[in-house]
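Here are my notes for anyone opening this entry for the first time. Have a look at the sequence and the fold, then read the points in order.

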Amino acid sequence: MSTHPPEPDEPAAHQERMIREFFTAVILHGHVTANAIGMHPTDLFALNLVELHGPLGAGELADRTGLSTGATTRLIDRLERSGQVRRVADPADRRRVRIEKVGGHELDAALHAAFEPVGQRMEEVIGRYPADRLEELMRFVAETTAAVQDATREVRTVTGE
């Protein structure tokens, strides 16, 4: 007897199931990756945000993670104690600080190794698409990312987080 629910007959239900499967896989991969290198998933996600977007103010990091300002301060303190980030003066306003990733940290090699399997798998998937479709594929990824970020903000607004 199968433990999997039957595939939905309607295309919209099938699409919803596939999207949910995708997001579940991504979230679980983030948790497994964080655990593999001895980090809390939220710390790994925050470190990734700082690396992707450059130095961020604590408030910006709180907004992007959905954490309270107090929880964000504790997260920054943990990352700073471990030497992964540092607080630097904001050039636009010396009263503020920005959080930047420390390059060449010993954890960088572990992060690279932990993300290498998913990077390889994604390269294999992308490699199956013809070059003339890659722009369209990357546009889909960008639009999907923006849609998920918008939905996340909407949930936070509705729930008051």
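1. A word on terms to begin with: contact here means heavy atoms within 4.5 Å. With that in hand, take Ile37. Leaving aside neighbours within four places in sequence, Ile37 is in contact with Leu44, Leu107, Ala110, Leu111 and Ala114.

2. Some ground rules. This is a predicted model, where local features need pLDDT of at least 70 and side-chain atom pairs count only at pLDDT 80 or more, while totals for chains, interfaces and linings use all residues. Residues are numbered from 1 along each chain as its sequence is written, and side-chain values use heavy atoms, with hydrogens and water left out.

3. Now the overall layout. The protein chain has six helices and three strands (DSSP runs numbered from the N terminus, with helices being H or I of at least four residues and strands E of at least two). Reading from the N terminus, the elements go α-α-β-α-α-β-β-α-α. The C-alpha trace spans about 60 × 40 × 40 Å along its principal axes. For contacts between residues at least 6 apart in sequence, 39% join residues at least 24 apart.

4. How much of the chain is buried? Of its 161 residues, 22% count as buried (under 20% relative accessible area, with exposed over 50% and partly exposed in between, using a 1.4 Å probe and protein chains only).

5. Back to Ile37, which belongs to the largest nonpolar core. A nonpolar core is a set of buried Ala, Val, Leu, Ile, Met, Phe, Trp, Tyr and Cys residues joined through side-chain atoms within 4.5 Å. The largest one has 18 residues, and those with the most contacts inside it are Ile37, Met39, Leu44, Leu61, Leu75, Leu79 and Leu111. Helices H2 (41-53), H4 (69-81) and H5 (107-127) each supply at least two of its residues, and H2 gives the most, with five. As background, nonpolar side chains tend to be buried together in soluble globular proteins.

6. Next, the sheet. It is open, has three strands in the order S1-S3-S2, and pairs in the antiparallel sense (two strands pair if DSSP finds at least two bridges between them). S1 (56-57) and S2 are at the edges with a single partner strand each, so one side of each has no neighbour in the sheet. S2 (residues 85-90) and S3 (residues 93-101) share six bridges, with Val85 partnered by Lys101, and a hairpin of two residues joins these strands.

7. Arg96 is worth a click. It sits in strand S3 and is partly exposed, with a relative accessible area of 39%. Setting aside residues up to four places away in sequence, Arg96 touches Gly57, Glu60, Val88, Ala89 and Asp90. Its C-alpha atom is 9.0 Å from that of Ala58, 38 residues away along the chain.

8. Finally, the largest pocket, which holds about 2400 Å³ of space. Of the 40 residues lining it, the closest to its centre are Phe22, Phe23, Val26, Thr145 and Val148. H6 (131-159) is among the helices that supply at least two lining residues, and H6 gives the most, with 13. A pocket is an open set of points on a 1 Å grid over the protein atoms alone, where a 1.4 Å probe fits, with protein on both sides within 12 Å along at least five of seven lines; lining residues have an atom within 4 Å of a point. Points are joined across faces, edges and corners, and the volume is the space filled by probe spheres set on them.
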